[in-house]
Amino acid sequence: MQAEVKWIEDFKFLGQSQSGHSIVMDGNGGATAPSPMEMLLMAAGGCSSVDVVDGLKQAEQKVHSCTAKLTTERRDTPPRIFTQVNIHFEVSGDNLAPDLVKEVTASSLEKYCSVCLMLGEGVEMTHSWEII
């Protein structure tokens, strides 16, 4: 996998993925676009959500929606890395099995989500869930 990031102006950068997609990032606290740290957080939410939806579908659960709400704590001094990340999954569907939702959300963070597993090397990763 490859990517390229080009400086546009001020603290704006254009990220271009190998698959041909582009996104603007703002290193000035996200004033005009997501910051790189916000992008990382959204990547963790997206990656783990894929696992949750896929796991529920493979278990023949009728899932209708899955929303990952992420909260973090960061160091106060540079480098301002995340020290804790929690992903709260809100899942809805027809007669979802709570034990299965519990299992797939935990498995995402512990076994399958590449982004979360990389973050987990230096970040306390936790999750919670609820069926809506």
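1. Let's start with the layout. Helices (H or I, at least four residues) and strands (E, at least two) are DSSP runs here, numbered from the N terminus. The C-alpha atoms fill a box of roughly 50 × 35 × 25 Å, taken along the principal axes.

2. A word on what you're looking at. This is a predicted model, where local features need pLDDT of at least 70 and side-chain atom pairs count only at pLDDT 80 or more, while totals for chains, interfaces and linings use all residues. Residues are numbered from 1 along each chain as its sequence is written, and side-chain values use heavy atoms, with hydrogens and water left out.

3. Next, the protein as a whole. Of its 132 residues, 30% count as buried; buried means under 20% relative accessible area, exposed over 50%, and partly exposed in between (1.4 Å probe, protein chains only). Taking contacts between residues at least 6 apart in sequence, 50% join residues at least 24 apart, where contact means heavy atoms within 4.5 Å.

4. Now the core. The largest nonpolar core has 21 residues, and the members that touch the most others are Leu56, Val85, Ile87, Val91, Cys116 and Met125. Helix 1, strand 5, helix 2 and helix 3 (114-119) each give two or more residues to this core, with strand 5 providing the largest share, five residues. For the record, a nonpolar core is a set of buried Ala, Val, Leu, Ile, Met, Phe, Trp, Tyr and Cys residues joined through side-chain atoms within 4.5 Å.

5. Not counting residues up to four places away in sequence, Val91 touches Val52, Leu56, Val63, Ser65, Cys66, Leu96, Val101, Glu130, Ile131 and Ile132.

6. Have a look at Thr105 too, which is found in helix 2. Thr105 is buried, with a relative accessible area of 0%. Its side chain makes a polar contact with the side chain of His127 (3.3 Å). A polar contact is a pair of N or O atoms within 3.5 Å; within protein, one must be able to donate a hydrogen and the other to accept it, and residues adjacent in sequence count only if both atoms are side-chain atoms. Leaving aside neighbours within four places in sequence, Thr105 is in contact with Val52, Phe89, His127 and Trp129.

7. On to the pockets. The largest pocket has a volume of about 270 Å³ and is lined by 13 residues, of which Met1, Gln2, Ala3, Gln16 and Ser17 lie nearest its centre. Strand 1 (3-9), strand 2 (12-17) and strand 3 (22-26) each supply at least two residues of this lining. A pocket, on a 1 Å grid over the protein atoms alone, is an open set of points where a 1.4 Å probe fits, with protein on both sides within 12 Å along at least five of seven lines; lining residues have an atom within 4 Å of a point. Grid points are joined across faces, edges and corners, and the volume is the space filled by probe spheres set on the points.

8. The second largest pocket has a volume of about 220 Å³. Helix 1 (36-58) and helix 2 (98-112) each supply at least two of its lining residues, and helix 2 gives the largest share, seven residues. Among the lining residues are Asp51, Gln58, Leu100 and Tyr112.

9. The peptide bond from Pro78 to Pro79 is cis, with omega near -5°, and Pro79 lies in the loop between strand 4 (62-74) and strand 5 (82-94). Glu60 has a positive phi of about 60° although it is not a glycine; Glu60 sits in the loop between helix 1 and strand 4 and is exposed, with a relative accessible area of 69%. Asn95, also not a glycine, has a positive phi of about 50°. Asn95 is placed in the loop between strand 5 and helix 2 and counts as exposed at 77% relative accessibility.

10. Last stop: Val123, in the loop between helix 3 and strand 6 (124-131). Val123 counts as buried, at 11% relative accessibility. Leaving aside neighbours within four places in sequence, Val123 is in contact with Phe82, Thr83, Gln84 and Val85. Val123 and Asn95 are 28 residues apart in sequence and 34 Å apart in space, C-alpha to C-alpha.
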